[in-house]
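Please follow this explanation with the structure in view.

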Amino acid sequence: AQYYHDILLTSSQSNKARIYLDSRSINAASIADFQLGYALPEWQSLKDTLNQAGYADEVLLEAGLLGISDLGRTYDRFRDQVIIPIADVRGRITGFGARVLNDSQPKYLNSPETPIFSKSATLFGINLAASSIRQQDKSIIVEGYFDVIVSHQFGFKNTVASMGTAITDKQINILKKVSRHLVLALDADT
């Protein structure tokens, strides 16, 4: 997360990511609070950095940071995307979401299921929202990363996202530990 965050803040290559975040009205405080980042467009930038720090490809594959091609070559899973770290309730990074900066599909890419990351058992923003949920005795559930970030910017710090198209029992159980009052603020899709 720190690697991607540093690139967003310091690399000239991340200019389009900063422009994108500005277009979504994401301010500097939110970029810092949510530790937003940018993945370079290179195929092995993260891999090379983490290999030099002593992490083997096998560990990086298991963590979902690398993919593997049909020819058996490893590559950075996230490239040329805004990176959104996903943390557990204690603030430990368990996975990443990534948003493309063009019209390619899919618009969002999440870390794959790993030993420490499961979309169905994760609530985006819970690490930053838990104390506010306890104080207000209410959680607001929205659908997307940026819905959470902007909600926090405007003072609704008890907001989390469900990380998928459905709210799961595991996610509800996480919320029930901090409050039994839930407010759904979902998109009005059919």
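Two strands are said to pair if DSSP finds at least two bridges between them. Helices (H or I, at least four residues) and strands (E, at least two) are DSSP runs, numbered from the N terminus. The model is predicted, so that local features need pLDDT of at least 70 and side-chain atom pairs count only at pLDDT 80 or more, while totals for chains, interfaces and linings use all residues. Residues are numbered from 1 along each chain as its sequence is written, and side-chain values use heavy atoms, with hydrogens and water left out.

Strands E8, E7 and E9 form an open sheet in the order E8-E7-E9, with parallel pairing. Strand E8 (159-161) and strand E9 (182-184) stand at the edges with a single partner strand each, so one side of each has no neighbour in the sheet. Strand E7 (residues 139-142) pairs with E9 over three bridges, and Ile 141 has Leu 184 in E9 as its bridge partner.

Helix H1 (residues 2-10) has as its buried residues Tyr 4, His 5, Ile 7 and Leu 8; buried means under 20% relative accessible area, exposed over 50%, and partly exposed in between (1.4 Å probe, protein chains only). Seen down the axis of H1, these buried residues fall within an arc of 160°, so they line one face of the helix; the arc is that of the directions from the helix axis to the C-beta atoms. The face turned away from the buried side of H1 carries the exposed residues Leu 9 and Thr 10.

Strand E4 (81-87) is among the elements against which the buried residues of H1 pack. In E4, seven of its seven residues are buried. E4 runs antiparallel to E5, joined by seven bridges.

Definitions and conventions: Contact = heavy atoms within 4.5 Å.
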